[in-house]
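Student: I would like to learn how to read the strands of a model like this one. Could we go through it together?

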Amino acid sequence: MAARVLSNRVDWEDLAAGDHIYSWRAAYLYAHHGIYVGDGMVIHFTRAVGHEIGTGTFLDSFLFSSSPAAATTCQLCGHLAHGCEGVVMSCLDCFLHGGGGSGSLYLFHYAVSPAFFLAKARGGTCTLAASDPGHVVVHRARYLLDKGGFGAYSLFKNNCEDFAIYCKTGLLVETAFSVGRSGQLASLTAAFSAVASSPLRFLTTSSCGLALVTTGMYCVGRYVSDIGVRRDVVKVPVQTLVAQATPAMEAEVAAAAEVGASSPAC
């Protein structure tokens, strides 16, 4: 148990089909997530290098995708790194080393206890939600790979962790105003809330008291935002998700084509 709290690191040979894995990027600034489907392959959700479809802000300039910057074709999986976006399948090596990956592999834990969840101070590593069986997880990931129905990549609403959590649980967030299922974003939101908005910070004048109040608010914020606790989530079959996403994606493509057609030629 102590080793799991300190690190989720896992060896390749210990992986099972349906595992949710991740690799840290950009000096542990954030992690890229995917679903291991067996035979050394990973299905994951990414955005192409240079495509401004992540946040629409300056963050897009350094939150690059899981793909390496160079246009190379992997001899093992045939993964064309440059320009790849959406739901893609890569070998473990491409998944680990794309986008400046650390080269180490980590296992995302499901159905953890509240104590374990709060002990993992950094979000995006575990959840209280239970995972579905491995064959169901792999089916969802492969179906989304074949049908391409997970929508456009968005850092705050629809990112790689959201994709992996959906494949594992089948859960989607119903409300439009909140962040997605990502523990990394929930953790960041909780941190900002704890530091910036607590009226409770005026109830104590000591540095220790302030630290306790801030830490408590951070833990509460993370806990109530977890996909296993939230009440604004619903179980959605993958076929339904694809059927709902396809018209929206077609509308986005049509709108982009119309804008391109109306733009003056260079």
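Student: In which order do the five strands of the open sheet stand?

Tutor: First, a word on the model: it is predicted, so local features need pLDDT of at least 70, side-chain atom pairs count only at pLDDT 80 or more, and totals for chains, interfaces and linings use all residues. Residues are numbered from 1 along each chain as its sequence is written, and side-chain values use heavy atoms, with hydrogens and water left out. Helices (H or I, at least four residues) and strands (E, at least two) are DSSP runs numbered from the N terminus, and two strands pair if DSSP finds at least two bridges between them. Here the order is E4-E3-E2-E1-E5, with antiparallel pairing. E4 (86-91) and E5 are the edge strands, each with a single partner, so one side of each has no neighbour in the sheet.

Student: Which helix packs on the sheet?

Tutor: That is H5 (residues 160-169), which touches E1, E2, E3 (41-46) and E4. Contact means heavy atoms within 4.5 Å. The direction of H5 makes about 35° with that of E2; axes are lines fitted to C-alpha atoms, for helices over the stretch in contact, and angles run from 0 to 180 degrees between N-to-C directions.

Student: What stands opposite Tyr 22 in E2, and what in E5?

Tutor: In E2 (residues 30-38), which pairs with E1 in the antiparallel sense over six bridges, the residue opposite Tyr 22 is His 33. In E5 (residues 106-107), joined to E1 by two antiparallel bridges, Tyr 106 stands opposite Tyr 22.

Student: Which way do the residues of E1 point?

Tutor: In a regular strand, side chains alternate between the two faces of the sheet. From E1 (residues 20-25), His 20, Tyr 22 and Trp 24 point one way, while Ile 21, Ser 23 and Arg 25 point the other way. All of these are buried, meaning under 20% relative accessible area, where exposed is over 50% and partly exposed lies in between (1.4 Å probe, protein chains only).

Student: Where does a positive phi turn up in the E1-E2 hairpin?

Tutor: Most residues other than glycine have a negative phi. In this hairpin, four residues lie between the strands, and Ala 26 in the turn has a positive phi of about 50°. Asp 39 also has a positive phi, near 55°; this residue sits in the loop between E2 and E3 and is exposed, with a relative accessible area of 78%.
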